[in-house]
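Student: Please take me through one region of this model closely. Start from the open space, then work into the packing beside it.

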Amino acid sequence: TLLNASKAAPASHAGQRVVTELASMDADSRRWPSDTEFMAGLLDANLYNNVYRARLRALLTGLENHLRTEKTEDQSPLSVRNGLQVEHLLPQRWQEHWPVDFNDHGAVAARQDAVHRLGNLTLLTQKLNGSISHGAWSKKAGEIGKHALLLLTTSSVFGTPPNLDQTLASTWKDGWDEERILARSVYLASEAVAAWPRPDAR
């Protein structure tokens, strides 16, 4: 359907014709979600497990490209074939180096709830990822900060995302925890909606 629609349009309008066709589809498997639905999906606590790794890597790569501006040194688009891996900043096996009071079931649940959220994910090289994967934040932060170049990481993990309350903004770089993960999730989800808003069907 999309190929036929794009072929029928003048070459200069083929891209817009594809967007229009996608926006007009209403079958569950083809429907372009509303911005609200997209935002809700991105803020799902189990995002990492709900999305195929290749798609998640494409999402994070797309966010990196969206965050780059004319002020960014390297403005060439990042490719999904870059070999980067999705990394959990707060590791999936956090119990050893990221302890909480294990008698506090609420604290344990909140910690586990944060692990697979969008705000806890970034892209790293395989070598860097493998060397720090389950380490303590002091080690991870030092190594990632030393090697990371992507705005996905530098602007919202080591840099402070916009629109935070003053208390969190002033202490943002002091650690990595559930509150920061949720705030970064909201920031990245908002950027994703800005990058890929649902157009009105025509």
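Tutor: A pocket here is an open set of grid points with protein on both sides within 12 Å along at least five of seven lines. The model is predicted. Its second largest pocket holds about 250 Å³ of space. The lining has 16 residues, and the closest to the centre are Arg68, His147, Ala148, Leu149 and Leu150. By class, eight lining residues are nonpolar, four are polar and four are charged. E2 and H9 each give at least two residues to this lining.

H8 itself spans residues 137-147. Its buried residues are Trp137, Lys140, Ala141 and Ile144.

Now the core. The largest nonpolar core has 21 residues, and Trp137 is among those with the most contacts inside it, along with Leu90 and Trp176. Helix H6 (105-115), H7, H8 and helix H11 (178-195) each give two or more residues to this core. H8 gives the largest share, three residues. Trp176 touches Trp137, and its other contacts beyond four places in sequence include Leu89, Leu90, Trp98 and Ile181. Apart from this core lies another, of 20 residues, including Leu67, Leu121, Leu152 and Tyr187.

Note on methods: Residues are numbered from 1 along each chain as its sequence is written. This is a predicted model: local features need pLDDT of at least 70, side-chain atom pairs count only at pLDDT 80 or more; totals for chains, interfaces and linings use all residues. Side-chain values use heavy atoms; hydrogens and water are left out. Buried means under 20% relative accessible area, exposed over 50%, partly exposed in between (1.4 Å probe, protein chains only). Helices (H or I, at least four residues) and strands (E, at least two) are DSSP runs, numbered from the N terminus. A nonpolar core is a set of buried Ala, Val, Leu, Ile, Met, Phe, Trp, Tyr and Cys residues joined through side-chain atoms within 4.5 Å. Contact means heavy atoms within 4.5 Å. On a 1 Å grid over the protein atoms alone, a cavity is a set of points where a 1.4 Å probe fits but cannot get out, and a pocket is an open set with protein on both sides within 12 Å along at least five of seven lines; lining residues have an atom within 4 Å of a point. Grid points are joined across faces, edges and corners, and a volume is the space filled by probe spheres set on the points. Ala, Val, Leu, Ile, Met, Phe, Trp, Tyr, Cys and Pro count as nonpolar, Asp, Glu, Lys and Arg as charged, and the others, Gly among them, as polar.
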